[in-house]
Amino acid sequence: MPNPYIIVISCVTTETVMVSSPSIFYKADEVHLFRYIRDPGTASAKLYEDHYQSVCKQIRSSLPECLVTEHTDDPVYDLPRMVRALSVLYSRIRKEHPDAEVHANLSSGPSEFIAALGIFAFLNPDVKLFKVATKRYTVGAEEFMLLHYDEEGSAVGLSREVYDPGPVPTVTLDGPDEVLVRSLRLYHQVLERGESPTGPLMMSLLEEKGLWIQSRNHCGKKTSEGTLDRNNYYRNYANIWKMLGWIEDRDMRECPPLTEEGKAVIEMFWPE
C-alpha cells in the first residue's frame with residue numbers, strides 16, 4: 001500500500017522548530033505556511049521575515065523534495081478571513097490530492113489563527129489537528145523569568161500595554177447529537193467498570209436514563225418486542241457510533257472500546 005500524500009498546515013510568527021519539526025516528523029510532501037507581513041521595511045517585519053526564512057530552511061534541509069507554499073494574502077489575526085482562507089486551501093487540496101492526509105498545527109500562530117483552525121477542522125473532520133510542546137527553550141530559566149517582570153519586580157508578562165478589546169464574529173456550529181454522546185458515555189462507563197455493555201444491558205440503561213429513542217408501543221405483529229428493541233439499539237446507537245469512528249470497528253459482540261476520538265467526544269460534549 002503506497003504511503004499517503006502528507007500535507008501540513010501551520011502559521012509562522014516568531015517560532016521556528018514549533019513549525020518545522022512537526023513538518024519533518026510527518027515527512028510532509030507539502031507544507032502550507034500562513035503569515036502576514038505588516039509594516040514592511042521595519043525592524044518588526046524583518047523579525048518575522050527572518051523567522052519565516054529559518055523555518056523554510058529547516059524544512060528543506062530535512063525534506064528537500066517538500067513543496068513549501070507561503071500564504072500572505074490575509075491577516076493571520078483576522079478570524080473570519082482565516083477560516084475562509086483555510087477553506088479555500090482545503091478545496092484546492094482535495095481537487096489536487098483527493099486522498100491526501102491533512103495535518104494542522106494548533107501550536108503555531110496567534111489565538112485567532114488557532115481558533116480558525118478549530119472551526120476549519122470541525123467543518124472538515126478528516127483534518128488531523130496536532131499540538132507541539134516545548135521541550136527546551138532558547139533562553140535560560142533566569143533570563144526567561146526576567147522577561148516576565150518589569151524594572152520594579154512586578155509580574156507583567158510579555159505585553160506591557162494592549163489595545164482596547166475588539167469583538168470577534170461568532171458562528172453557530174452544530175455539535176454532535178446529544179443522545180448519541182450521552183449514550184456513548186453510558187457504554188464507556190460500563191466498560192470502565194470492567195463489565196460488558198451487551199445489547200440488553202445497554203437497552204435497560206438507556207431507558208433508565210431517558211435516552212431510548214424508540215417507543216416499544218409500536219411493535220409489529222410478526223416481530224417480537226425484544227427483536228425490535230435489539231435491532232433499534234444496533235441501528236440507532238452502536239452502528240452509528242462505529243460509523244462516526246467513536247468505537248473501534250469490530251463485531252459488537254466483542255464490546256469494542258472507544259477510539260481516541262470517541263473518548264474526546266464524551267469528554268467535550270454534553271457533560272453530566
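## Exercises on helices, rings and backbone

Trp 270 lies in the segment after H9, where helices (H or I, at least four residues) and strands (E, at least two) are DSSP runs numbered from the N terminus. This is a predicted model, in which local features need pLDDT of at least 70 and side-chain atom pairs count only at pLDDT 80 or more, while totals for chains, interfaces and linings use all residues. Residues are numbered from 1 along each chain as its sequence is written, and side-chain values use heavy atoms, with hydrogens and water left out.

### Exercise 1: Backbone angles

Task: describe the phi of Trp 270 and of Lys 27, then find how accessible Trp 270 and Lys 27 are.

Solution: 
- Step 1. Start with the background: most residues other than glycine have a negative phi.
- Step 2. Trp 270 is not a glycine, yet its phi is positive, at about 50°.
- Step 3. Trp 270 has a relative accessible area of 36% and is therefore partly exposed; buried means under 20% relative accessible area, exposed over 50%, and partly exposed in between (1.4 Å probe, protein chains only).
- Step 4. Lys 27 sits in the loop between H1 and S2, and its phi is also positive, about 55°, although Lys 27 is not a glycine.
- Step 5. With a relative accessible area of 60%, Lys 27 is exposed.

### Exercise 2: H6 against H9

Task: work out how H6 and H9 are oriented, which hand their crossing has and which residues make the contact.

Solution: 
- Step 1. Recall that two packed helices are described by the angle between their axes and the distance between the axes.
- Step 2. Helix H6 (residues 178-192) packs on helix H9 (residues 260-268) at about 115°, and the axes are 9 Å apart. Axes here are lines fitted to C-alpha atoms, for helices over the stretch in contact, with angles running from 0 to 180 degrees between N-to-C directions.
- Step 3. H6 and H9 are therefore roughly perpendicular (under 35 degrees is roughly parallel, over 145 roughly antiparallel, 65 to 115 roughly perpendicular, the rest oblique).
- Step 4. Their crossing is left-handed: the near helix is turned anticlockwise from the far one by less than a right angle, whereas clockwise would be right-handed.
- Step 5. H6 contributes Val 181, Leu 184, Arg 185 and His 188 to the contact, and H9 contributes Gly 262, Lys 263, Val 265 and Ile 266; contact means heavy atoms within 4.5 Å.
- Step 6. Sorted by type, the residues of this H6 and H9 contact are 4 nonpolar, 2 polar and 2 charged. In this scheme Ala, Val, Leu, Ile, Met, Phe, Trp, Tyr, Cys and Pro are nonpolar, Asp, Glu, Lys and Arg are charged, and the others, Gly among them, are polar.

### Exercise 3: H6 against H7

Solution: 
- Step 1. The hand of the H6 and H7 crossing is right.
- Step 2. Ser 183, Leu 186, Tyr 187 and Val 190 of H6 meet Leu 201, Met 202, Leu 205 and Leu 206 of H7.
- Step 3. The contact of H6 with H7 has 7 nonpolar residues, 1 polar and no charged.
- Step 4. Zoom in on Val 190, which is buried with a relative accessible area of 1%.
- Step 5. Val 190 and Leu 201 are 11 residues apart along the chain, and their C-alpha atoms are separated by 9.3 Å.

### Exercise 4: Aromatic pairs

Task: describe the geometry of the pair Tyr 26 and Phe 130 and of the pair Phe 34 and Phe 113, and say which parts each pair ties together.

Solution: 
- Step 1. The structure holds 11 aromatic pairs. Rings of Phe, Tyr and Trp (its six-membered ring) pair if their centres lie within 6.5 Å; planes under 30 degrees apart are stacked, over 60 edge-to-face, and the rest tilted.
- Step 2. Tyr 26 and Phe 130 have ring centres 5.2 Å apart and planes at 55°, so this pair is tilted.
- Step 3. Tyr 26 lies in the loop between helix H1 (17-25) and strand S2 (30-34), and Phe 130 in strand S5 (residues 128-130), so the pair ties together parts 104 residues apart in sequence.
- Step 4. Tyr 26 is partly exposed at 24% relative accessible area, whereas Phe 130 counts as buried at 8%.
- Step 5. Phe 34 and Phe 113 also form a tilted pair, 5.8 Å centre to centre with 45° between the planes.
- Step 6. Phe 34 is in strand S2 and Phe 113 in helix H4 (residues 111-123), so parts 79 residues apart in sequence are tied together.
- Step 7. Phe 34 is buried at 3% relative accessible area, and Phe 113 is buried at 0%.
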